[in-house]
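The sequence and structure come next.

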Amino acid sequence: MKAVIGLEVHVQLETESKLFCGCSTDSEGAEPNGNTCPICLGFPGAKPKVNRRAVEHAVKIARALECDVRPRFYFSRKSYFYPDMPKNFQITQYEMPLALGGRLLLDGRSIGITRVHMEEDPARLVHVGGGISSSLYTLIDHNRSGVPLVEIVTDPDLASSREARMFLEKLGLILEHLGVYDPGREGGLRVDANVSLEGGQRVEVKNITGFRAVEDALNYEIIRQESMANMGIAVERETRHYDAETNTTSTLRRKEQEEDYGYITEPDLVRIDVDDAWISRLESEMPELPDARIQRYVDEHGVPLFQAGIIVNTGLDLSRFFEECVGLFPEPGMVANWIVTFLLKSLNYEGIGLRESKVRPGTFVELLGLIGEGTITERLARELIKEYVGTGESPRSLVERRGLASAGREELGEAIDEVLSDNRKAVADYRAGQTRALDFLLGQVLRRIRARGDPVEVKRLIRDALDSE
Ligand SMILES: [Zn+2]
């Protein structure tokens, strides 16, 4: 059975202050309910004002997703009763959102973006001593109340859990490039996933954090709906909760219809006009986006497309790292190849990301320089990179400290002469046409120079020496 998936992605915008008041959005280390005021606590009579920076971030997101930004938008009240919102409504956008009708390209396939709108985050509920249904009691922290969010709603264009994850990874990368979102922030991107099997009722799985968790939740939900259909039980339209611990979903509430929220226009906020000049200025401030960056690596640096894709798609950190390395060591092909083929593998082995590692552009290109100037062989460099990634030690000092520099011409010449005069039988065998004898002689020479040489090059020198004897 074919799955039909649409996502609602809530992104926390990186701003200093909240969406409708001046309270700080930075609550790390803050007292619970410390970053609050009558506006974000929702006191009666409080007068919200719109954060201009948040609107600008949202416009950039909308334009990056090729949406039409509406010339005028306004906010609405979404009424509901829940402890995370004491004023009993959330200020969001409904009838006239910020932007409509965009798309995101995923491997050449166009995923429709229905709308992009802004809204305030509700308070955070802290369930003490258990999960949402098993906790002893629940605490409310309003530091999160009023933090600016953008909600990105897709058309039901995604066909599998895997595709949903790929969509989120690409969206996250675009947002990171725009500088409006911090991928390191806990819960900075939360997803509600709508999923149905063709012809069946739609189920919404709420509030999933993490791309992998979205894929897992959808996998569970698709299998659940399939087995129900196989048993002839109708899937009900409802909202479900995803439990990452058990990797299951469970009924939260029967799905309410949008009309149940009783939307009304927010009377305390004015309508906002977004003129063309403002949009053009914001567009001119927009940085290069991931797809353009990949193309630039190919066009300007001659990096193979698949390597450019891996570097850019791994994250902005790695793109910046690549560009800094190329600035220091202008051989982009070699830099890209060593990043993709060996650096990422070693980081993976250490189980760390580039950001947490001790790898720096200056020392990384040192390793490439050592190969380029012939101080070490490529083969040795492949070994050394593991140690370098683990310790961050300068490859040049590593080579000096351990005496790993390749044997020089003179040392190599002496070693070959000695081996040839000590092994006359092998020399005679070689002359008699036994090619295996040459490999034996190569082994002897490499042993004498403690493998500090390129076997192919050493073999060539031995052959030359034999031919000139
Ligand atoms: Zn406030």
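## The surroundings of Ile 152

Leaving aside residues up to four places away in sequence, Ile 152 touches Leu 7, Glu 8, Val 9, Val 11, Ile 61, Leu 65, Ile 113, Arg 115, Val 116 and Leu 171. The model in which these contacts are found is a predicted one. Ile 152 has its place in strand 10, which covers residues 148-154, and because the cut-off for a buried residue is under 20% relative accessible area, Ile 152, at 0% relative accessibility, counts as buried.

A C-alpha to C-alpha distance sets Ile 152 against another part of the chain: Thr 248 is 96 residues from Ile 152 in sequence and 25 Å from it in space.

## Two further buried residues

Arg 240 belongs to strand 13, residues 238-243, and with a relative accessible area of 7% Arg 240 is buried. When residues up to four places away in sequence are not counted, Arg 240 touches Val 203, Glu 204, Val 205, Lys 206, Glu 221, Arg 224, Thr 249, Ser 250, Thr 251 and Leu 252. Between Arg 240 and Lys 386 there are 45 Å from C-alpha to C-alpha, for a sequence separation of 146 residues.

Ala 123, by its position, is a loop residue, lying between strand 7 (109-120) and strand 8 (124-128), and at 2% relative accessibility Ala 123 counts as buried. Ala 123 touches Asp 84, Ile 140, Asp 141, His 142, Arg 144 and Ser 145, again not counting residues up to four places away in sequence.

## Helix 6 and its two partners

Helix 6 (residues 290-301) packs with helix 7 (residues 305-314) at an angle of about 140°, and the axes of helix 6 and helix 7 are 9 Å apart. Helix 6 and helix 7 are therefore oblique to each other, and the crossing of helix 6 and helix 7 is right-handed. Helix 6 contributes Pro 290, Arg 293, Ile 294, Tyr 297 and Val 298 to this contact, while helix 7 contributes Leu 305, Ala 308, Gly 309, Ile 311, Val 312 and Asn 313. Divided by class, the contact of helix 6 with helix 7 holds eight nonpolar, two polar and one charged residues.

Helix 6 also packs with helix 8 (residues 316-328), here at an angle of about 20° and with the axes 12 Å apart. That angle makes helix 6 roughly parallel to helix 8, and the crossing of helix 6 and helix 8 is left-handed. On the side of helix 6 the contact is made by Arg 293, Arg 296, Tyr 297 and His 301, and on the side of helix 8 by Leu 316, Ser 319, Phe 322, Glu 323 and Val 326. By class, the contact of helix 6 with helix 8 comprises four nonpolar, two polar and three charged residues. Arg 293 and Tyr 297 of helix 6 are named both in the contact with helix 7 and in the contact with helix 8.

## Helix 14 against helix 16

Helix 14 (residues 424-431) and helix 16 (residues 455-467) have axes that come within 12 Å and cross at roughly 85°. That makes helix 14 roughly perpendicular to helix 16. Val 427, Tyr 430 and Arg 431 in helix 14 meet Arg 463, Leu 466 and Asp 467 in helix 16, and the residues of this contact divide into three nonpolar, no polar and three charged.

## Backbone angles and cysteines

Most residues other than glycine have a negative phi. Glu 66, although not a glycine, has a positive phi of about 60°; Glu 66 lies in the loop between helix 2 (52-64) and strand 2 (68-69) and, with a relative accessible area of 40%, is partly exposed. Asn 88, likewise not a glycine, has a positive phi of about 65°; its place is the loop between strand 4 (76-79) and strand 5 (89-92), and at a relative accessible area of 33% Asn 88 is partly exposed.

How many disulfides does the count give? With a disulfide taken as a pair of cysteine sulfur atoms within 2.5 Å, the count comes to zero disulfides. Cys 37 is buried, with a relative accessible area of 18%, and Cys 40 is buried, with a relative accessible area of 7%.

Methods: Residues numbered from 1 in each chain as written. Predicted model: local features only at pLDDT ≥ 70, side-chain atom pairs only at ≥ 80, totals over all residues. Heavy atoms only, no water. Axes fitted to C-alpha atoms, helices over the stretch in contact; angles between N-to-C directions. Helix = DSSP H or I, 4+ residues; strand = E, 2+ residues; numbered from the N terminus. Parallel < 35°, antiparallel > 145°, perpendicular 65-115°, else oblique. Left-handed = near helix turned anticlockwise from the far one by under 90°. Contact = heavy atoms within 4.5 Å. Nonpolar A, V, L, I, M, F, W, Y, C, P; charged D, E, K, R; others polar. Buried < 20%, exposed > 50% of the residue type's maximum accessible area, 1.4 Å probe, protein only.
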